[in-house]
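Student: Could we go through this one together, a bit at a time? I'd like to look at the strands and then move on to the metal sites.

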Amino acid sequence: MRGVVFDGRRVQVVDDLTVRQPGPGEVLVAIAAAGLCHSDLSVVDGTIPFPVPVVLGHEGAGIVEAVGVGVTHVAPGDHVALSTLAHCGTCADCDRGRPTMCRRAIGRPAKPFTRGTGPVHQFAANSAFAERTVVKAVQAVRIPRDIPLTSAALIGCGVLTGVGAVLNRARVDQGDSVVVIGTGGIGLNVLQGARLAGALAVVAVDANPAKEAVARQFGATDFLTSADGVRDLLPTGADHVFECVGRVELIRQAVDLLDRGGQAVLLGVPPATAEASFLVSSLYLDKSVLGCRYGSSRPQRDIALYAELYRQGRLMLDELVTAVHPVEDFEKARAQAEAGRVARAVLTF
Ligand SMILES: NC(=O)c1ccc[n+]([C@@H]2O[C@H](COP(=O)([O-])OP(=O)(O)OC[C@H]3O[C@@H](n4cnc5c(N)ncnc54)[C@H](O)[C@@H]3O)[C@@H](O)[C@H]2O)c1
Ligand SMILES: [Zn+2]
Ligand SMILES: [Zn+2]
């Protein structure tokens, strides 16, 4: 079958992958569509270290093809969106509703794929850039059949991370002020999360002026090409600043833009050894810096919620999809994403 494989040197679209059958508690999914998130590109450029060879992709939707022993919540033919959290469901963190903190869901890449005679790793417990993938039952969330799979694909990372950061981690309240630095696939979902939460001022900052229209469409009340201008709009600072690029100088700016009691939420992923600095005194007035993994999401609940909000017209998914390519054109999608020409480029199988 086809898939996008990174071997440590180059990315290739191959057609000689195989995937094993689902074991007990697993689901085999035929991927219909998958979004290209910056984190996939970060594996290729080394920002996110990952063992190779690896099948990329971690934001996808498709149709259940087979289920392993003990799986009853989905059946062949069901439409599903996939999460990247292969959490255990039985530990104390899972039990208290924090599956993103499950220790069994971090840093144990499986190798369900084979190419030639060698095993191939699965990225983010997912590998949505493959015609078929095997995931744990907890990762497959049934969605209504009337949601186009090219749109549903984006729930699995961009929406869970961005909207989740607003609702679950920052807990933005009605009337709050929000600044979003970087309005790519993640930042746009922070913007629409802020709108859902009832934020009053929502300032989008993106170095690329071409992002203004889409940022406003997703809920920005103002748009700037540099965070330097934020104080003109919010003289006392912001209640919440979300860094959605992954650059340490922007993390510093996020902290410096906080109002009293404000919080900087770090979503961008800089290189693993990057250090950021801030004035300790600048945090004195009850300010916080918050990390956030995957929107602090609970996928079975949140994916179903976002699917329903989409059907009610309250959450935008179709508008995130600015380009759709067959998987063979991965390089086109990559070029568009790197040039900042798309909200999301989606690959189809
Ligand atoms: N925390 C998590 O769980 C999580 C999940 C998914 C992605 N991420 C990370 O989030 C980040 C964003 O991902 P994405 O898919 O939205 O990326 P993207 O490439 O779609 O968007 C990045 C945006 O940042 C803008 N930008 C670049 N440099 C800038 C600057 N100096 N000032 C202002 N804007 C600038 C670009 O124009 C672009 O619009 C990446 O670092 C990714 O790895 C984190
Ligand atoms: Zn992602
Ligand atoms: Zn667990």
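Student: Which residue is the bridge partner of valine 5 in strand 5?

Tutor: The bridge partner of valine 5 there is valine 55. Strand 1 (residues 3–6) and strand 5 pair in the antiparallel sense over 2 bridges, where strands are DSSP runs of E with at least two residues, helices are runs of H or I with at least four residues, both numbered from the N terminus, and two strands pair if DSSP finds at least two bridges between them. This is a predicted model, in which local features need pLDDT of at least 70 and side-chain atom pairs count only at pLDDT 80 or more, while totals for chains, interfaces and linings use all residues. Residues are numbered from 1 along each chain as its sequence is written, chains are lettered from A and ligands numbered from 1 in the order in which they are written, and side-chain values use heavy atoms, with hydrogens and water left out.

Student: What order do the strands of the open sheet have?

Tutor: The open sheet of 6 strands has the order 2-1-5-9-8-3, with mixed pairing. Strand 2 (11–14) and strand 3 (17–19) stand at the edges with a single partner strand each, so one side of each is left without a neighbour in the sheet.

Student: And strand 4, is that mostly covered or exposed?

Tutor: Strand 4 is mostly covered, with 8 of its 10 residues buried, buried being under 20% relative accessible area, exposed over 50% and partly exposed in between, with a 1.4 Å probe and protein chains only. Strand 4 runs antiparallel to strand 6, joined by 7 bridges, and alanine 30 stands opposite isoleucine 63 there. Strand 4 is also joined by 5 bridges to strand 10 (residues 132–136), again antiparallel, with valine 27 opposite valine 135. Strand 19 (residues 344–348) pairs with strand 4 in the antiparallel sense over 3 bridges, and alanine 33 has threonine 348 as its bridge partner in strand 19.

Student: OK, metals. Which residues coordinate the zinc ion (ligand 3)?

Tutor: Cys88 (SG), Cys91 (SG), Cys94 (SG) and Cys102 (SG) coordinate the zinc ion (ligand 3), at 2.3 to 2.4 Å; donors are N, O and S atoms within 2.8 Å of the metal (3.2 Å for Na, K and Ca), and water is not among the atoms, so sites may look incomplete. Along the chain, these donors follow the spacing C-x2-C-x2-C-x7-C. Cysteine 88 lies in the loop between strand 7 (79–82) and helix 2 (92–95), and cysteine 102 in the loop between helix 2 and strand 8 (113–115), so the pair ties together parts that are 14 residues apart in sequence.

Student: Why is the arrangement around the zinc ion (ligand 3) tetrahedral?

Tutor: Because the 4 donor atoms subtend angles of 105 to 115°, and four donors count as tetrahedral if all angles lie between 85 and 135 degrees.

Student: Are cysteine 88 and cysteine 102 buried or exposed?

Tutor: Cysteine 88 is buried, at a relative accessible area of 17%, and cysteine 102 counts as buried at 0%.

Note on methods: Four donors count as tetrahedral if all angles lie between 85 and 135 degrees; four count as square planar and six as octahedral if opposite donors are over 155 degrees apart and all others between 65 and 115; anything else is irregular.
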